[in-house]
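These are my notebook entries on a structure I went through element by element. I set down what I looked up, in the order in which I looked.

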Amino acid sequence: MRGLSRSSAPALAATLTVVLTALVLGVFIPIVQATTGTANEVRGRVVIDVFVKDSATLEEKSRLRTALNETANVRSVEVISKTEALRRAQEKNPAAFREGSELLGKNPLPASYRVTPDDPDRLGQIVDRLAPAGEPQLAGIDEVRNREEDTDKILSATGLVKALTAGLALLLVFASVALIANTIRLSIFARRREVEVMKLVGATNWFIRWPFVIEGVIVGFMGGVLSVLLLTIAKETFIDPLSDRFALLAAPETIDFPLLVIILLTACVAVSAAGSGITLRRFLRV
Amino acid sequence: MAAPATATPAARAKRRPPEPQGVPVVELRGVSKVYDGGSVGLDRASLKVGRGEFVFLVGPTGCGKSTCIRLLLKELEASQGEILIAGRDLTEIPRSRVPYLRRNIGTVFQDFKLLPNRTVYDNVAYSLQVIGEPRAAIRRKVPDILRLVGLSTKLHNYPDELSGGEQQRVSIARAFVNHPPLVLADEPTGNLDPETSIGIMQLIYRINRTGTTVVVATHDREMVDKMRRRVIELREGRIVRDELSGLYRSDESTSEFAIRLRGELGVGPEGSPN
């Protein structure tokens with residue numbers, strides 16, 4: 001505490017740095033989460049359609065169903081009967097299908113299984129299992145289609161978004177740690193002579209270090225609390241009233257506010273305490 | 001005035017210091033120190049300092065005095081040779097035990113090396129806190145030692161509120177407050193005027209009189225010659241002279257010594273140490 005009050009300028013600088021970085025992180029973490037959440041939701045729409053031959057027997061159909069359930073990476077299988085398929089098609093394009101089915105006199109659409117994968121990135125595996133090189137493995141399968149164009153677009157677009165946000169998040173965390181570490185380094189550098197004197201009168205490394213670490217904890221905690229306070233105010237006044245209107249703001253997958261507060265506080269305290277302790281090591285080698 | 005410093009070889013032989021009794025407090029055996037840049041700090045230096053001795057290390061700047069002091073504190077490692085303190089080889093002391101070595105060595109420096117954001121009291125108390133002295137003992141010992149160095153009225157001043165001489169007194173108090181068997185002083189009067197220097201030397205002499213071994217590095221030849229103590233002269237890292245300079249009047253009290261010193265130095269403008 002004495003150190004803090006006597007070297008208040010560097011300590012204040014360190015606290016401010018902590019406040020700013022924690023603020024940026026506190027805003028960015030929910031944004032990253034909302035973005036990846038949205039991206040994942042979009043990826044959930046990637047499916048495989050397994051079309052069944054009209055001539056398939058009941059036995060063949062049930063074997064196919066079991067095989068689908070046993071295939072790896074399959075999350076769920078939805079059965080779409082011929083009637084259901086027609087109904088959906090009519091919904092999409094009422095005019096064309098009413099006329100078409102009347103013209104044909106029968107339902108031209110095949111029954112199908114709609115397979116949702118666990119991991120959209122490994123969609124190809126399922127396709128390869130069911131129909132390697134386009135040749136269906138099981139009797140009863142007419143065709144396996146994964147709507148390639150759509151899938152590829154979805155996967156590459158969401159992949160890019162996810163990679164970008166992850167990269168940004170990483171960069172931001174790195175920058176925050178570097179910034180805090182550097183500020184702490186400066187404040188300790190200003191006191192390196194003090195450390196040297198302490199070493200000369202025979203103080204052990206830990207005897208010298210612990211006041212600095214405690215100082216780091218205090219600085220980190222004060223900075224963390226201040227930034228959390230600001231974040232809370234911002235949340236109450238800006239985000240909450242708007243969240244009804246913007247889906248991104250109300251994204252259910254974003255982190256809980258109390259959890260965010262706890263994470264931010266711990267990170268602030270840990271980084272600044274560890275920063276103090278580690279930076280000091282350089283000056284302890286006398 | 002220059003007579004004791006330029007003794008003839010015969011006189012030098014006669015004045016060789018006697019072999020110290022028992023285990024020497026400080027012993028260097030062929031110690032060399034070559035810095036990373038290649039400059040030589042110390043070149044095969046050997047010396048022994050017995051218990052209770054008062055030794056001056058003299059020589060021009062860069063002759064190896066400070067190197068010698070820093071080697072004794074294990075602030076530097078010798079490139080060659082052995083350094084023993086109280087019979088213990090410094091190379092055998094692991095890094096983690098170095099603080100315990102330093103607790104047994106009081107140090108005084110030219111630039112005082114006080115903690116700028118602590119009061120006089122706290123500065124002296126720090127070296128007791130370091131060794132885990134109980135608070136009550138600290139509260140008793142610190143004012144005692146500060147009274148001894150004549151600073152009992154400045155307990156709660158900060159170092160930058162004191163004169164150079166007073167700051168050096170604080171650092172001497174800090175060096176001596178836990179009564180180490182060895183006190184090292186590196187140019188303790190380097191920053192001080194002659195009058196103040198005498199006071200500081202008197203204080204260091206007083207510490208020596210309590211039985212503490214004292215090694216003082218200085219380039220203040222005049223002061224050394226007047227003090228008539230053992231002198232080890234270094235030149236470019238080598239020991240070129242080691243003799244008991246002048247008479248040793250063991251019954252001389254500190255105040256008599258100061259009076260003699262003042263008279264002989266003729267403190268004033270011509271008594272400038274440099």
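Which strands of chain A does helix 3 lie across, and at what angle does helix 3 run to strand 2? Before answering I note that I am working from a predicted model. I find that helix 3 (residues 58–70) of chain A lies across strand 1, strand 2, strand 3 and strand 4 of chain A, and that its direction is at about 155° to strand 2 of chain A. I then looked up helix 6 (residues 123–130) of chain A, which also lies across strand 1, strand 2, strand 3 and strand 4 of chain A, running at about 20° to strand 1 of chain A.

Entry on the sheet. I read the four strands of chain A as an open sheet in the order 2-3-1-4, with antiparallel pairing. Strand 2 (74–80) and strand 4 of chain A are at the edges with a single partner strand each, so one side of each has no neighbour in the sheet. On average, and with direction ignored, neighbouring strands of this sheet are turned by 20° against each other.

Entry on strand 1. I checked both of its pairings: strand 1 of chain A is joined by four bridges to strand 3 (residues 112–117) of chain A, the two running antiparallel, and it pairs over four bridges, again in the antiparallel sense, with strand 4 (residues 141–145) of chain A. I took A:Val50 as a reference point and found A:Tyr113 opposite it in strand 3 of chain A, while in strand 4 of chain A the residue opposite A:Val50 is A:Val144.

Entry on chain A as a whole. I count its secondary structure as 10 helices and four strands, and along the sequence the pattern reads α-α-β-α-β-α-α-β-α-β-α-α-α-α. Buried residues account for 26% of the 286 residues in chain A. I also noted that, among contacts in chain A between residues at least 6 apart in sequence, 86% join residues at least 24 apart.

Entry on a helix pair. Helix 9 (residues 205–242) of chain A packs against helix 10 of chain A at an angle of about 150°, with the axes 7 Å apart. Angles over 145 degrees count as roughly antiparallel, and I therefore record helix 9 and helix 10 of chain A as roughly antiparallel to each other. Their crossing is right-handed, and by class I list 17 nonpolar, 10 polar and three charged residues in the contact between them.

Within helix 10 (residues 257–284) of chain A I looked up A:Ile263. Is A:Ile263 buried or partly exposed? I record A:Ile263 as partly exposed, because 15 other C-beta atoms lie within 10 Å, and being buried would take 20 or more. A:Ile263 and A:Gly224 are 39 residues apart in sequence, and I find them 9.9 Å apart in space, C-alpha to C-alpha.

Entry on the two chains. The contact takes 14 residues from chain B and 11 residues from chain A. On the side of chain B that touches chain A, the elements that give two or more residues are helix 3 (98–102) and helix 4 (120–130) of chain B. By class I sort that side of chain B into six nonpolar, three polar and five charged residues.

How values were computed. Residues numbered from 1 in each chain as written. Chains lettered and ligands numbered in written order. Predicted model: local features only at pLDDT ≥ 70, side-chain atom pairs only at ≥ 80, totals over all residues. Pairing = 2+ DSSP bridges. Axes fitted to C-alpha atoms, helices over the stretch in contact; angles between N-to-C directions. Contact = placed C-beta atoms within 7 Å. Buried ≥ 20, exposed ≤ 12 C-beta atoms within 10 Å, placed from the backbone. Nonpolar A, V, L, I, M, F, W, Y, C, P; charged D, E, K, R; others polar. Parallel < 35°, antiparallel > 145°, perpendicular 65-115°, else oblique. Left-handed = near helix turned anticlockwise from the far one by under 90°.
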